Amino acid sequence: MNTRLQSMARAAEGRYFTSDERRVLREYAESVPHRLEAAERVEQNEEGILAAVVEEMRKRRPEFATHRDQPWARLYRDLQLVLRSSTQALVCDDERLLDERVLYWLRSVAAASNVSPAFLRECYSALRDQCRARLPESAFRLLAPLLERAVEVLGQPEHQARSA
Amino acid sequence: MSSALEATVSDLPLAGNYFAGNDYLHAEPKSGMLRNRGGVRMVALPDDLLAGIYNAIEEVAGAKAGDVQAAIGRRWGGGAAEYFARELQAFYGKPLAELPFGVAVTAMRSAFRAHGWGILHLDSSRYATGILVAELHHPVVGSDVRRSGQKVETITAGYLAAFLSNWAGRELGCVQTTGPSADAPLSRFVITIPQRLSLIRELADAGSPHDEIIAKLESTPAE
């Protein structure tokens, strides 16, 4: 489930976990209740967060709707997917899960749909900011690195990442 | 959320990359089989086996080798397009034809990456003139083939032709214009209707630059 723990288990083939590895495992196990608590807070506040981001982007970038089919509904869905996947990655403590399931894919979809990296950067920065405003500090602190990752990956032009 | 927005949002799929890393392939230790998440049986194919297949076809079929390789690619690509459409429909809850173009193209790119074929980029900027260009970075065969000055990815070309023919709903052909075996950093393929490909096949075989081949195609009528 967690890429780092899987790698550790693979490296420990034929031996017991070292004291450092046991410490990593124990720290993760002890963090799980806090991660689940944070995930519950995100779920409770999802609708308010997403509606606020879409409304903000409607005001800031009304031209986004030009020549697009269901633009705001699709944007809502994409934000929802990123927020939920970020929350799963938070619970699993696995940024790679977010990268592989959603971020690289969504960046490609956006590029093929002529949605600019600048728009995505603005949109997902707004997502981060609404989460900061609406979530308890303890929950946002755990979620923030994943939302920053979303801003970083989605805000990168696809052609720069093509050979990656 | 406004009721109007909610009505349209609920109709849209809430799912990301079907081909994501650990989600896509599963080994079944009891049966010794490898399956993808759609239940299709898969086999890990080392690239020296693929090179061996190419070389064996060259030795046995001689001048007909290219035709045999292209036929293999077309059979493979045609079948792949059908189960690709089935799997995506099951995952996204909508037929492929009803998914946004960006989602379908990204799924094809993700499929190539997940299967180890390389990084695919589909250039549809000339679609209005009936031309598609596929770029393949780190191509599966081209990267490990001795430089011979010839393009050798005939199976890939056949695969792309059949796969995209299924999408387009009409027969398309595909010609490779550049590749690592001919000293290029990546492989490029031109996809269009077979009648137009016949105009450029000689240019491609003679090693003409990709841009010259595209210019020749663009100077001919689309139909």
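Colleague: Which residue in β5(B) does L120(B) stand opposite?
Modeller: This is a predicted model. In it, five bridges join β4(B) to strand β5, residues 132-137 of chain B, and the two run antiparallel. Across that pairing, the residue opposite L120(B) is L136(B).

Colleague: What is the order of the four strands in the open sheet of chain B?
Modeller: Strands of a sheet pair through backbone hydrogen bonds, either parallel or antiparallel. Here the pairing is antiparallel. The edge strands, each pairing on one side only, are β4 (119-123) and β6 (173-178) of chain B. The order is β4-β5-β7-β6.

Colleague: Which helix lies across β6 and β7 of chain B?
Modeller: β7 covers residues 187-192. The helix across the two strands spans residues 194-205 and runs at about 25° to β6(B). That helix is α7 of chain B.

Colleague: Is the crossing of α4(A) and α5(B) left-handed or right-handed?
Modeller: On the α4(A) side, the contact is made by W105(A), S108(A), V109(A) and A112(A). Residues from α5(B) include F101(B), V105(B) and R109(B). The residues of this contact divide into six nonpolar, four polar and one charged. The crossing is right-handed.

Colleague: Which element gives the most to the side of chain B that touches chain A?
Modeller: The contact takes 21 residues from chain B and 22 from chain A. On the chain B side, α1 (3-9), α5 and β4 each supply at least two residues. That side divides into 11 nonpolar, nine polar and one charged. The element giving the most, with seven residues, is α5(B).

Colleague: What radius of gyration does chain B have?
Modeller: Chain B comes to eight helices and seven strands. Along its principal axes, the C-alpha trace spans about 60 × 50 × 25 Å. With 223 residues, a compact globule would have a radius of gyration near 17 Å, which agrees with the value for chain B, 19 Å.

Definitions and conventions:
Residues numbered from 1 in each chain as written. Chains lettered and ligands numbered in written order. Predicted model: local features only at pLDDT ≥ 70, side-chain atom pairs only at ≥ 80, totals over all residues. Left-handed = near helix turned anticlockwise from the far one by under 90°. Contact = placed C-beta atoms within 7 Å. Nonpolar A, V, L, I, M, F, W, Y, C, P; charged D, E, K, R; others polar. Pairing = 2+ DSSP bridges. Axes fitted to C-alpha atoms, helices over the stretch in contact; angles between N-to-C directions. Rg over C-alpha atoms; globule rule 2.2 N^0.38 Å.
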